[in-house]
Amino acid sequence: MNRLIAMLLIAFTWQGLAAQQGSLQGLVINPINNEPVPFANVVIYGTSIGSVTDLDGKYSFFGLEPGFVKVQVSSIGFQTVVSSDIMITNAKTAYLEIGMRESTTNIEEINIKASPFKRKEESPVSMRSIGISEIEKNPGGNRDISKVIQSLPGVGGGVSFRNDVIVRGGGPSENRFYIDGIEIPNLNHFATQGASGGPVGIINVDFIREVDFYSGAFPANHGNALSSVLEFKQIDGNKEKMKFRATIGASDLALTMDGPLGEKTNMVFSVRRSYLQFLFSAIGLPFLPTYNDAQFKIKTRIDDKNEITFIGLGALDQFELNLDANETEEQRYILGYLPVNEQWNYTVGGVYKHYREKGYHSVILSRNHLNNKSYKYLNNIEEDSLKIFDYKSDEIETKLRYENTIRSSNGLKIKYGAGMEYAEYLNKTYQFRYQNDGLALVNYNTKLDLVKWSGFGQVSKSVFNQRLIVSLGVRTDANNYSSEMNNVLKQVSPRLSLSYPLNEKWALNFNTGRFYQLPSYTTLGYGGETGTLINKANGVKYIGSNHLVSGVEYLPNENSKITVEGFYKTYDDYPFSVNDGVAISSKGGDFGTFGDEEILPIGVGRSYGAELYLRHTNVMGANVLLSYTWVRSEFQDSEAKYIPTAWDNKHLFNLTATKSFKRNWDLGFKYRFTGGAPFTPDDVEKSSYVAAWEAQSRAYSDYSRFNQERLGMYNQLDFRVDKSYFFDNWSLMLYLDVQNVLNASVNTPDILTVATDENGQKIIQNPDDPINQQRYEMRYIITEGSGTVLPTVGIMIEF
């Protein structure tokens, strides 16, 4: 590692003889009918370098300085638009397709200048767009989108080694993800089944053009979300020639290729494999994970009015225990409870679009499959008599959705459609659980077939001489699981957005709506030995949430945006744990599964707060993002008293700044402050029973004191430096990313474990008592706050 860092330092400081010539080509179209926009003015944003589209809407730039650029396009009869970022290199001609909406301007409306900050009629509040330059060079992000969005207002996270997305006090199971319009259920490797978190993201950011992140005001065509929706938009393959990028990242090796497959077809393809298992073995960690993934996109423009896109994303995650790493008490503790877990999953799908004069039809068909296996033997001795946990599960979904988008000449936008899904859920569980003061064997085999259907529509229009933008949407979902869920009238989901520009700089924005989410398959399919679906008998329902968001937006200039928003969310019919006596909203932030327990649909909760978002793309040449969130997240206990959830951090502050310098240097830092999270103390008495401890080899939480303790606050400073070399036919990009530069300590609860004698044998306090009354002697492993400075290096070669 020292030699590698030394070599990188030499590379960082070597200037070399690099060429400085890049080119950009593209197409300007009307996205509603896919027709080209001729004679449009095309300018490299922030410069005087310009061009004009030809009769076919095509434009070209040559002799550009390599690096990230935006493109501004203007034309009579159309709204001026600023594109997302695109990377210019010498290894290829970059290609960028830009859509321009027709304008309905009249002389009485307020003049809104072109801005790099995207706005949508359906979501005037709670929507942020992230470009590829912010993802690529985000300090501490390591090119992982789940870590990058934690800089945005309202977004928190769980523990530092996971990618849980916690939005406005909602749990990690309340988010939905789409790639080019196709839903992907899993965003992370080693994902928590039933939720969305995991340690490492699946998506290769080489594919990403931009990401739209909604923390509220969800469009009606996206359902089954209570806290956030992420829309990933991928690049198209290179139109000129096949291009390759090889990457050595913080934890994996990757190869990406993109290029033409014919005159009308292009593709992007990548594979990645981790080397974490070697690093973890070298530093003596008691677990050795290995992840692999592959991703592709193929797009064919059949003719001017028809196109079809195919995408695929798959992962294979393997895991084994490092039984040799047992020298410390904490290592032995981890080896004692951690199960072996293996997963594979994939999503494949296609999107067909047919354009017409004032709109287009979309047909989206996809299939996804998650296979999850996990097992554990007592003391890691693999004998059948010592098996305490064996879990096998499959989630398979086939989805079909139709959308019709219409935009009239008077600015009226209509989108409506319907969807059908067929889902299969299989679960074979064998697990000892200690509940109701006794050891119980949970042993069931579930096969669940589910048909789901939905309908939606949304209408958006500027009224009162374009002074007020109104968007009204409605959605409904149902399925054949039970009589509680098969009536579409019970899950009607209306939403209303308003935006009132006071002048060209100030605007007032508002959204309210009711949203529904189906509980996880692990909850729906939880069964007993007789095959009975326990939670179906308990009347499980769709989870409901009411949102109210309002805010003010200020645009000081074309490079700056400031927003202040307040939000209030309520929850009803949330799954409420029968065994623990609390809503399961605070769970889902750990590995394994979420929701596979008996519940009642009686959970009631709320979250509320305020957000400040400041974005400036040119503060003395620096790109600055500042966000602050004050948030409270609470659910009622069995006595209808509000208590904080695990996501009730109260204060979230982020400051990110990056700056480009001459000779292709980039520097950046990110500072994060997070208020202390609540946690539940251990139930020492329950944990001490031999039968209880042997069932899971870790402490049980004392739910009578649910979330009554709170960790200390945490702050972290990350730093990153990038250096790029652009040669005639290839490019070399290097980065050094250092997380936790200040070596800040992470506060974690002390670990309750079983005391052992000098021979390493567990000490039983009362060995002569009956086995169900025997108790271990317990002790705590003191986890004094400790920090780790984590440097990583990255190398990318493009040719």
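The model is predicted: local features need pLDDT of at least 70, side-chain atom pairs count only at pLDDT 80 or more, and totals for chains, interfaces and linings use all residues. Residues are numbered from 1 along each chain as its sequence is written, and side-chain values use heavy atoms, with hydrogens and water left out.

I begin with the sheet. Strands here are DSSP runs of E with at least two residues, and helices are runs of H or I with at least four residues, numbered from the N terminus. Two strands count as paired if DSSP finds at least two bridges between them. An open sheet is formed by 5 strands in the order β11-β18-β19-β14-β15, with mixed pairing. At its edges stand β11 (127-131) and β15, each with a single partner strand, so one side of each is left without a neighbour in the sheet.

Let us look at β14, residues 175-179. On one side, β14 pairs with β19 (residues 228-234) in the parallel sense over 5 bridges, and R176 stands opposite V229 in β19. With β15 (residues 182-183), β14 runs antiparallel, joined by 2 bridges. Here I179 is opposite I182, and Y178 has E183 as its bridge partner. The hairpin of β14 and β15 has 2 residues between the strands, and within this hairpin D180 takes a positive phi near 50°.

How enclosed is β14? I use buried for under 20% relative accessible area, exposed for over 50%, and partly exposed for values in between, with a 1.4 Å probe and protein chains only. In β14, 5 of the 5 residues are buried, so the strand is largely enclosed by the rest of the structure. In a regular strand the side chains alternate between the two faces of the sheet. In β14, N175, F177 and I179 point one way, R176 and Y178 point the other way, and all are buried.

I turn to charged pairs. A salt bridge is a side-chain nitrogen of Lys or Arg within 4 Å of a carboxyl oxygen of Asp or Glu. A search of the whole structure finds 58 of them. One is between D212 and K118, whose closest N and O atoms are 3.3 Å apart. D212 lies in strand β18 (residues 208-214) and K118 in the loop between β10 (93-99) and β11, so the pair ties together parts that are 94 residues apart in sequence. D212 is buried at 0% relative accessibility, whereas K118 is partly exposed at 27%.

In another salt bridge, R698 and D590 meet at 3.8 Å, N to O. R698 lies in the loop between α9 (690-696) and β41 (709-710) and D590 in the loop between β34 (560-577) and β35 (599-619), so this pair ties together parts that are 108 residues apart in sequence. Both are partly exposed, R698 at 28% and D590 at 38%. Salt bridges that share partners also join K118, K120, R209, E210, D212, E231 and K233 into one network.

Finally, D666. This residue is in strand β39 (residues 665-674) and is buried, with a relative accessible area of 11%. What does the side chain of D666 make a polar contact with? The partner is the side chain of K137, at 2.8 Å. A polar contact is a pair of N or O atoms within 3.5 Å; within protein, one must be able to donate a hydrogen and the other to accept it, and residues adjacent in sequence count only if both atoms are side-chain atoms. Taking contact as heavy atoms within 4.5 Å, and leaving aside neighbours within four places in sequence, D666 is in contact with K137, K659, S660, R720, V721 and D722.
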